[in-house]
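Please look through the structure below with these notes beside you.

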Amino acid sequence: KKTFEDKTVTQKIVDDFVKKTIDDPFGVIVFCATVKHAQEVFDLLPEGKAVLLHGGLSNAERKKAIHLYKTQQVKYLVNRDIASVGFDAPWSAHCVLMRSLGSNRLAQQMFWRVVRLYDGKEVSTIHDYGNNIENLFNGSSDIFTPLIKAYGSKPSVQIEVMCEYCGTLQEFSKRQGFEQWDPFGYAVDLAGDRLDPPVPAHHGRRCTGVTPLGKNQFAPCDYYWTHRTCEDCGAKSDIASRFCPECGKVFINPEDKLSETATFIPVGEQATTIINSMSVRHGEVLHVEWGTPHGTLKSRFFPNHKQWAIAHHGKKFLKETDHGNKPPRMITYTKQKTGYCSINEYHQI
């Protein structure tokens with residue numbers, strides 16, 4: 001069953017990562033934006049080679065899907081959130097991001113699903129179709145040390161408001177810039193009149209009140225301070241809703257934030273990357289910056305070092321690059337804890 005009217009982006013992405021991974025002996029975890037999107041991706045994968053995992057499945061269905069994947073009976077695990085944190089399947093070597101993330105911490109959790117040690121697995125690969133490397137890591141291949149901005153913490157001020165529908169009293173964090181509000185939580189002017197159009201003076205979206213219907217059954221209050229209205233059926237829903245809960249109209253199509261071409265980053269003990277440029281600062285120590293499609297890598301070489309092994313690496317660099325004048329086409333490198341890269345191989349073709 002097809003989910004979206006326009007399948008071209010999703011279809012092209014699935015075709016792309018299947019072509020890159022189908023012959024690889026290791027597993028592939030695909031992260032999707034919504035359950036519907038995950039179903040769409042699952043339907044496009046080779047039959048019998050994938051399982052679908054999301055919160056709408058029963059416990060038995062989830063356990064079966066996880067078992068099939070962990071025992072390597074299927075190659076692709078397509079999921080919505082379930083495998084993002086704490087999921088352990090070390091044979092996984094490919095992380096496919098088919099969603100746009102807002103947190104580098106969550107992105108790293110997803111990356112960690114495929115970098116676990118496993119016999120025969122030397123390199124894990126991130127296939128980013130959601131521009132997350134660019135947005136969260138400034139396009140750098142150093143995805144485990146992102147630039148994190150810290151802001152001073154400000155105390156949260158709680159205000160008590162009443163629901164206009166059910167009368168339930170509840171507390172929400174106050175919005176900055178509003179110092180006066182009516183009993184129902186709407187900002188008022190100096191005369192005490194509600195602003196037009198109404199503006200909530202707090203961050204609450206929906207009333208938390210419920211009405212008991214019977215044993216373990218409750219009906220939530222339908223009142224919203226901030227909401228999205230469906231143009232087709234007029235139903236109200238949360239402003240972050242991706243689709244209408246009543247008629248199913250799609251508000252946010254996951255495909256709109258995807259790119260048909262992935263940012264492709266190898267992660268592991270060894271990785272190979274294309275070299276776009278090479279900058280060398282000569283001296284007793286050679287400082288080299290490698291320009292790659294995923295950012296800048298740095299290396300240091302000591303051709304005159306007393307230890308033969310260290311000097312050998314420096315002399316090999318000079319030989320392979322014509323004393324720093326001719327950059328290689330590609331390099332195979334190992335990332336050190338110091339932040340520098342040790343170059344294992346130079347590739348001219």
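1. Please keep in mind throughout that this is a predicted model. The secondary structure of the chain consists of six helices and 18 strands.

2. On overall dimensions, the chain has a radius of gyration of 27 Å, whereas a compact globule of 349 residues would have one near 20 Å. The C-alpha trace, followed along its principal axes, spans about 80 × 55 × 35 Å.

3. Turning to burial and surface, 40% of the 349 residues count as buried, and the chain exposes about 20,000 Å², of which carbon and sulfur atoms supply 50%. Among the contacts with a separation of 6 or more, 56% are between residues 24 or more positions apart.

4. As for charge, the chain carries 43 positive and 39 negative side chains, and the centres of these two sets lie 6 Å apart.

5. Helix α2, which covers residues 35–44, has as its buried residues His37, Ala38, Glu40, Val41 and Leu44. Seen down the axis of α2, these buried residues fall within an arc of 160°, and therefore they line one face of the helix.

6. Ile13 deserves a separate look, and its place is in helix α1, residues 8–21. Is Ile13 buried or exposed? Ile13 has a relative accessible area of 0%, and because buried means under 20%, Ile13 is buried. Leaving aside its neighbours within four places in sequence, Ile13 is in contact with Met98, Tyr129, Leu258, Ser259 and Glu260. With Glu260, the C-alpha to C-alpha distance is 5.5 Å, although Ile13 and Glu260 are 247 residues apart in sequence.

How values were computed: Residues numbered from 1 in each chain as written. Predicted model: local features only at pLDDT ≥ 70, side-chain atom pairs only at ≥ 80, totals over all residues. Heavy atoms only, no water. Helix = DSSP H or I, 4+ residues; strand = E, 2+ residues; numbered from the N terminus. Rg over C-alpha atoms; globule rule 2.2 N^0.38 Å. Buried < 20%, exposed > 50% of the residue type's maximum accessible area, 1.4 Å probe, protein only. Contact = heavy atoms within 4.5 Å. Areas by Shrake-Rupley, 256 points an atom, 1.4 Å probe, with all protein chains shown as cover. Lys, Arg positive; Asp, Glu negative; His and termini not counted. Charge placed at Lys NZ, Arg CZ, Asp CG, Glu CD. Arc of directions from axis to C-beta.
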